[in-house]
Amino acid sequence: MDIPKLQIGTITADVPIVQGGMGVKVSLSSLASAVANAGGIGTIASVGMGDIRATRQDYEAVSSEAMAEEIRKAKTATDGHIAVNVMSVLSNAEALIHTCVEEGIKMIVVGAGLPLKLPAMVEDTSVNLVPIVSSARAATLILRTWQKRYGRTAQAVVLEGPLAGGHLGFSLEELARAEDFSLERLVPELLEALKPFEDAFGVKIPLIAAGGIYTGQDIARMLSLGAAGVQMATRFVCTRECGVSDAFKQAYLEASEEDIVIIKSPVGIPGRAVRNRFLDRLDSGEPIPINCPYKCLSTCKIYDSRYCIAHALLSAYDGDMENGLVFAGSNVSRMHEIVSVKDLMATLLDELRAA
Ligand SMILES: Cc1cc2nc3c(=O)[nH]c(=O)nc-3n(C[C@H](O)[C@H](O)[C@H](O)COP(=O)(O)O)c2cc1C
């Protein structure tokens, strides 16, 4: 089997694999450029850029500066395709998006909320806009709004199912019956929902499937359903190029199936994480000190929350598991070794060819 290329507007990747954006600081330039060098699309996550503990009132400027620096580093490390992931709920989303465009990023992936105003923030139509959705309904709402207000459409849509890591676009009740929302069910629904927009704009809107994709066989299954590519995140954490602490990677390598839990994040939506000392402290009711010098998430009700999620994710990145929240996808317990991105991509492609 020839490996199909992945075309997203003005971008053509040799390999139909997008490395999903992972914050805080899990996917920065080192990981993203390694994926891009292997023919996929590498994504820098924009949440929590810069020294978020120190910056206080300069938060927005410091984050944008750190974002620009990360993009420049990635560009010196690869000629391949680099995307940036921005969460809609970030209070500095617009500033980050402007920085990405100024730095020449050609693919902006936006999740965690409905990015209804995204085209207004990106006038340059050579920049490919890619919303993340968890249902055909959400995609229709976004694309109808973009069509009516801006006469534009998406260059691809990422469909994130309930097995993904990090924040999830499903309620606790929906996650309890995740099989009802399997990618096998959602992909055909979304393909159908994209058709009217493909017809109206005379373009193909590729669907990128995400959440629980682990092997080349999984990728083949998604392609056979009609997806143009996949987005994978968890699998890329245990690579040499991923810049998280050794303790973060060790938490992945040691996680058993029972350790994978759904938490209720301070953002107000569920998330998937690995049980650790920090989650045990929360469960025991121990008060966790909160110090919020800036409101990084527009939906965060920090003083109704048990903890600051930005601080918890940054602590995990640093390796402080007393205070660290380790986000991970549902397949984390299958990971047993740290490999290079090059070897991981080669394995996935061998499996995909064989499948
Ligand atoms: C550690 C971690 C952090 C994540 N952070 C983000 C993020 O900042 N923004 C986002 O849109 N998605 C985030 N995600 C979701 C991934 O980009 C991806 O879509 C999803 O995890 C895919 O499922 P998989 O991990 O099973 O491959 C995160 C996932 C993980 C595991």
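Modeller: In helix α8, residues 216-225, the buried positions are Gly 216, Asp 218, Ile 219, Ala 220, Met 222 and Leu 223. Buried stands for under 20% relative accessible area, exposed for over 50%, and partly exposed for values in between, with a 1.4 Å probe and protein chains only. Helices (H or I, at least four residues) and strands (E, at least two) are DSSP runs numbered from the N terminus. The model is predicted: local features need pLDDT of at least 70, side-chain atom pairs count only at pLDDT 80 or more, and totals for chains, interfaces and linings use all residues. Residues are numbered from 1 along each chain as its sequence is written, and side-chain values use heavy atoms, with hydrogens and water left out.

The cover over the buried residues of α8 includes β3 (17-19), α7 (183-201), β10 (207-210), β11 and α13 (341-354), where contact means heavy atoms within 4.5 Å. Just after the helix, Gly 226 adopts a positive phi of about 115°.

Turning to the ligand, 22 residues lie around it, and Gly 21, Glu 160, Gly 212, Gln 231 and Thr 234 come nearest; a residue is near if one of its heavy atoms lies within 4 Å. A ligand oxygen is 2.5 Å from a polar side-chain atom of Glu 160. For Thr 234, a side-chain N or O atom is likewise 2.5 Å from an oxygen atom of the ligand. The protein covers 95% of the 610 Å² of accessible area that the ligand has on its own, by the Shrake-Rupley method with a 1.4 Å probe. Two or more residues of the shell come from each of β5 (81-87) and β11 (229-232). Domain 1 (6-244 + 335-354) and domain 2 (246-332) both contribute to this shell, so the ligand lies between them; the domain bounds come from an automatic or database assignment.

Backbone exceptions remain to be described. Most residues other than glycine have a negative phi, and most peptide bonds are trans. The bond joining Gly 23 and Val 24 is cis, with omega about -5°, and Val 24 belongs to the loop between β3 and α1 (29-37). Lys 25, in the loop between β3 and α1, has a positive phi of about 70° although it is not a glycine. Lys 25 is buried, at 17% relative accessible area.

Methods: A polar contact is a pair of N or O atoms within 3.5 Å; within protein, one must be able to donate a hydrogen and the other to accept it, and residues adjacent in sequence count only if both atoms are side-chain atoms.
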